[in-house]
Amino acid sequence: MNKDVIIIGAGVAGLYMLHTLRKQGLDVHIVDRAAGVGGTWYWNRYPGCRCDIESLDYSYSFDEALQQEWKWTEKYASQPEILAYLEHVAERFDLHRDISLNTSIDSAEFVEDTQRWRLTTSDERILEAKYVVMATGVLSAPKDPRIEGLEDFEGHVLKSASWPQGGVDFTGRRVALIGTGSTGIQMVPKIAEQAERLYVLQRTPSFSIPAHNRPLSDAEQSEVKSSYADFRRRARSSPLGVDTKSDPRSAVEVDAHTRESVFRANYDYGSPMRFANSFNDIVVSEEANAHAVDFVAERIRERVTDQATAEKLIPRSYFLATRRMCIDTDYYETFNQPNVELVDLLENPLERVDATGFVVDGEHIEVDDIVLATGFDAITGALSRIDIRGRDGRVLNERWADYPASFMGVMVHGFPNMFTITGPLSPSVNSNMFVTIEQHVEFIAGLIAASEGQGTSTVEVSAQAETDWCTHAEEVSHQTLFPRTESWYTGANIEGKPRVVLPYLGGVGAFDKLLDEQAENHYPAFEFA
Ligand code: N01
């Protein structure tokens, strides 16, 4: 196969990239290791899986007819509904004819002689293209949790990010669930509905607030759709890519009554982004953050009957919202059920798994199934699993061994004609991903058009522009509490990964302006050769 552009990944990013570049008259093809389109939403089909960004926000804005015609059923869409939406998009824009599924890329090499990329699939086929776009996802490389004895377990080991297609029936089964991030928190109530006994093995607790998920009325949808373009514009110029206003006041400066009522209103609305933006200093001031922590801790105590369990469920080792804040449906209440038990691994670490169960504090507990909700090697993980070699044999994994340098998450110096969608140091996971994916896709399409318009062989970000961006992203992150938290945002969940705040924290709106400035000024950060 020899193409103008090969895109790796048929998720939200890859599908829009294909559609956009095809409209520019380019010969484009997507490869994806999955058997269907949808990316993250193809793989993550575990019980309770749904989005934590509201449906009317979490969708493409690029096509007016699409956004008018598609009807969401709930405030927060479930995984099957989002997958159906992405499948609809692939059909509607006739994308399938340029997608190869069940195709995994092992390596990608920039060949100096031809100035083209040479990709090798896992079944040793060669694909070539002038440009390659990595639409490989930010939460698509599951972490290996390295649990002693897991390979000896004779029951089922189920992984959230590769859940069996037909679902799993836990009726009458004893289940151990490991991991209490967004994924674990969504699964716990669902598994507890069926399981005879559910052990929730928690190392670090999460902050979670009720989602208050509900059906979306026709009237609500019509209201947004009556001026959808304006709604999208506001989202794109907002800090997090959603059309919500943040309170301009400091949590420390308002009086206690005001503080409580602002927190209460956002908590009752049920949106982690709104709650984390209750005041302008929640993620920059320790004191402001402590007020938010106190408010949520009190709610956890109200929701859990057994107060010893409640105390274990309250996070104490990091600042609220510097790890992804969760939303839930009855997560804490599930611990009031007699068939559910919290196992606090901070108090008593998981000693090992064996053929029939797990051992904690010297006690062996028998289970039939182990569910892993242990997270991802985020943002750089999917790229590091491909052997990527750029100019002069530069290896991306070596380049990123100490620091994941990138210009705005879109390109790495030394890797000409290779683009990354929502790569490191772009807003990515700290935003509404649909918005920041659209930003990047449109920017890359413009850059490729500029390159093709000039008849150049390669386009590459300059070393200086990349260094300047990394410095800026670091400076911004150090104005916040994020670098002081151990999380997947900072690479701390993966052994040996450099500690860097991976998402850019300067805001989606500011980021959009900077991308526009590049385009308006003929891409000063890039060298065309
Ligand atoms: O992963 P996580 P996730 N032994 O990394 C624990 C998005 N998402 O899949 O922190 C025991 O947050 C680990 O404990 P610790 C969203 O952006 C969104 O839940 O390492 N425990 C932690 O508790 C989210 O943030 C939605 O101490 C081990 C958990 O596993 C991101 O995906 C839904 C362990 C991993 O939590 C990732 O969420 C789902 C071990 N060896 C996901 N290794 C929505 O939109 C890890 N853990 C709602």
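Predicted model: local features only at pLDDT ≥ 70, side-chain atom pairs only at ≥ 80, totals over all residues.
Residues are numbered from 1 along each chain as its sequence is written, and side-chain values use heavy atoms, with hydrogens and water left out. Local features need pLDDT of at least 70 and side-chain atom pairs count only at pLDDT 80 or more, whereas totals for chains, interfaces and linings use all residues.

**View 1. Helix H1 packs on helix H15.** H1 (residues 12–23) and H15 (residues 433–454) pack at about 35°, with axes 10 Å apart. Helices (H or I, at least four residues) and strands (E, at least two) are DSSP runs numbered from the N terminus; axes are lines fitted to C-alpha atoms, for helices over the stretch in contact, and angles run from 0 to 180 degrees between N-to-C directions. The crossing is right-handed (the near helix is turned clockwise from the far one by less than a right angle). Contact (heavy atoms within 4.5 Å) involves Val12, Ala13, Tyr16, Met17, Thr20 and Leu21 of H1, and residues of H15 including Phe434, Ile437, Val441 and Ile448. The contact comprises 11 nonpolar, 1 polar and 2 charged residues (nonpolar: Ala, Val, Leu, Ile, Met, Phe, Trp, Tyr, Cys and Pro; charged: Asp, Glu, Lys and Arg; polar: the others, Gly among them).

**View 2. An open parallel sheet has 5 strands.** The strand order is E7-E16-E8-E9-E12; two strands pair if DSSP finds at least two bridges between them. E7 (156–159) and E12 (340–344) are the edge strands, each pairing on one side only. From one strand to the next the twist averages 20°. E7 and E16 (residues 369–372) are joined over 4 bridges, and Val157 stands opposite Ile370 in E16. Helix H5 (residues 182–194) lies across E8 (174–178), E9 (197–202), E12 and E16, at about 170° to E8.

**View 3. Strands E14 and E15 form a hairpin.** E14 (residues 357–360) and E15 (residues 363–366) pair in the antiparallel sense over 4 bridges. Val359 has His364 of E15 as its bridge partner. There are 2 residues between the strands, and Asp361 takes a positive phi near 55°.

**View 4. The second largest pocket has a volume of about 590 Å³.** On a 1 Å grid over the protein atoms alone, a pocket is an open set of points where a 1.4 Å probe fits, with protein on both sides within 12 Å along at least five of seven lines; lining residues have an atom within 4 Å of a point. Grid points are joined across faces, edges and corners, and the volume is the space filled by probe spheres set on the points. Of the 32 lining residues, Leu240, Asn277, Val283, Asn430 and Phe482 lie nearest the centre of the pocket. The lining divides into 20 nonpolar, 8 polar and 4 charged residues. Helix H9 (residues 272–276) gives the most to this lining, with 3 residues.
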